[in-house]
Amino acid sequence: MYALLWRALPGPGWFRVILLLVLAVAAVYACFEWLFPQIADYMPFNEQTVGE
Amino acid sequence: MTRARRARPRPSLPLRIVSVIGELLITTGVLVGLFVVWQLWWTDIQAEREQEATFAALGWEPPTYEAAPAESVHHDDEPPVMETPAEGETFGRLYVPRFGQDYVVPVTEGVGKADVLDKGEAGHYPETVLPGGVGNFSLAAHRTTYGKPFHLIADMQAGDAIVVQTEDTWYVYEATESLVVLPHQVEVIAPVPGTLPGAEIPEPTERFITLTSCHPMFSARERYIVHGTLKYWMPVSSGTPEELLPAAEGGR
């Protein structure tokens, strides 16, 4: 899976490493800003209110 | 010998399947780890930023800490009660000296997660009265993560001050009791706390405050509840209640 990604990236080795780092940062950002807030709503430890 | 052109045998199909599964498992592990980091660390940072923005938008002067106001500005008569704020509107600041001398969180109408609680604010149950009203002014806030406004709620003791400031008025409440209930026990925010749903509602005569948060920490199994009653009120223009003055620290 990741070997495929490595082969699909252009340029020399050092360039691919930088590219991968940028991709990793982008993936983490997407998780923090979008994915995790959505998942958190379904987590069983985020309820503070009383109600039915 | 050149590195690039070394001929490598193509891995067999089962081997490739196993390696993809392995990579997926590792990826899942990393994502779960990242989620924990986000939940325990990043939500606090975000909520603190949101709090600052909320206070800035509110634009109120911070309280002055000069001298205790004279007893004469303590009012025991009927306090002014503000008009019902719009859903999502921040209408007050909450001070709890037990949570720290510089502790202050915004008080916002509504108990929605994304628009109130997750921003590190204390949410006002819209079905309950406003500060100073006869009935039960009830607030909810996070105990862990998202700025954790009620992190130390279990430290509250009878007699501790819970101070609410609206634009014109200070409301000084005094904690009376703490209890742990199940999430469906809405009677804790009833106008007279403890009135079971469906039961005949007694005419409220006292001015209660109730704080609700999760219990135990990092769980939603139960709720931690603090009740209190109004001790006195005073106009914001008369100064700062002595409960909030740094000198009051020794007394606690």
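**Figure 1. The closed barrel of chain B.** In this predicted model, chain B forms a closed barrel of 8 strands. The strand order is E1-E2-E3-E4-E7-E8-E6-E5. Pairing around the barrel is mixed. From one strand to the next, the twist averages 30°.

**Figure 2. Pairing of strands E1 and E5 in chain B.** Strand E1 of chain B covers residues 90-95, and strand E5 of chain B covers residues 161-165. The two strands pair in the antiparallel sense. Their pairing runs over 3 bridges. Leu94(B) has Val164(B) in E5(B) as its bridge partner.

Figure 3. Side chains of opposite charge can pair when their charged atoms come close. Here Arg98(B) and Asp160(B) form a salt bridge. The closest N and O atoms of this pair are 2.6 Å apart. Arg98(B) lies in the loop between E1 and strand E2 (105-109) of chain B, and Asp160(B) in the loop between strand E4 (135-140) and E5, so the pair ties together parts that are 62 residues apart in sequence. Over all chains, the count comes to 5 salt bridges.

**Figure 4. Helix H2 of chain A against helix H1 of chain B.** From H2(A), the residues in contact include Val28(A), Cys31(A), Phe32(A), Glu33(A) and Phe36(A). Among those they meet in H1(B) are Leu31(B), Leu34(B), Phe35(B), Trp38(B) and Trp42(B).

**Figure 5. The interface of chain B with chain A.** The size of an interface is often given as the accessible area lost when the parts come together. Chain B and chain A bury about 2300 Å² between them. Carbon and sulfur atoms account for 64% of that area. The contact takes 36 residues from chain B and 22 residues from chain A. Glu23(B), Phe35(B) and Trp38(B) supply 23% of the area that chain B buries against chain A, more than any other three residues. The count between the two chains is 0 salt bridges.

**Figure 6. Backbone geometry in two loops of chain B.** Most residues other than glycine have a negative phi, and most peptide bonds are trans. The peptide bond from His215(B) to Pro216(B) is cis, with omega near -10°. Pro216(B) is in the loop between strand E7 (207-215) and strand E8 (222-235) of chain B. Tyr146(B) has a positive phi, near 50°. Tyr146(B) sits in the loop between E4 and E5 of chain B.

Key: Residues are numbered from 1 along each chain as its sequence is written. Chains are lettered from A and ligands numbered from 1 in the order in which they are written. This is a predicted model: local features need pLDDT of at least 70, side-chain atom pairs count only at pLDDT 80 or more; totals for chains, interfaces and linings use all residues. Side-chain values use heavy atoms; hydrogens and water are left out. Two strands pair if DSSP finds at least two bridges between them. Helices (H or I, at least four residues) and strands (E, at least two) are DSSP runs, numbered from the N terminus. Axes are lines fitted to C-alpha atoms, for helices over the stretch in contact, and angles run from 0 to 180 degrees between N-to-C directions. Contact means heavy atoms within 4.5 Å. Buried area is the accessible area (1.4 Å probe) that two parts lose on being put together, summed over both. A salt bridge is a side-chain nitrogen of Lys or Arg within 4 Å of a carboxyl oxygen of Asp or Glu.
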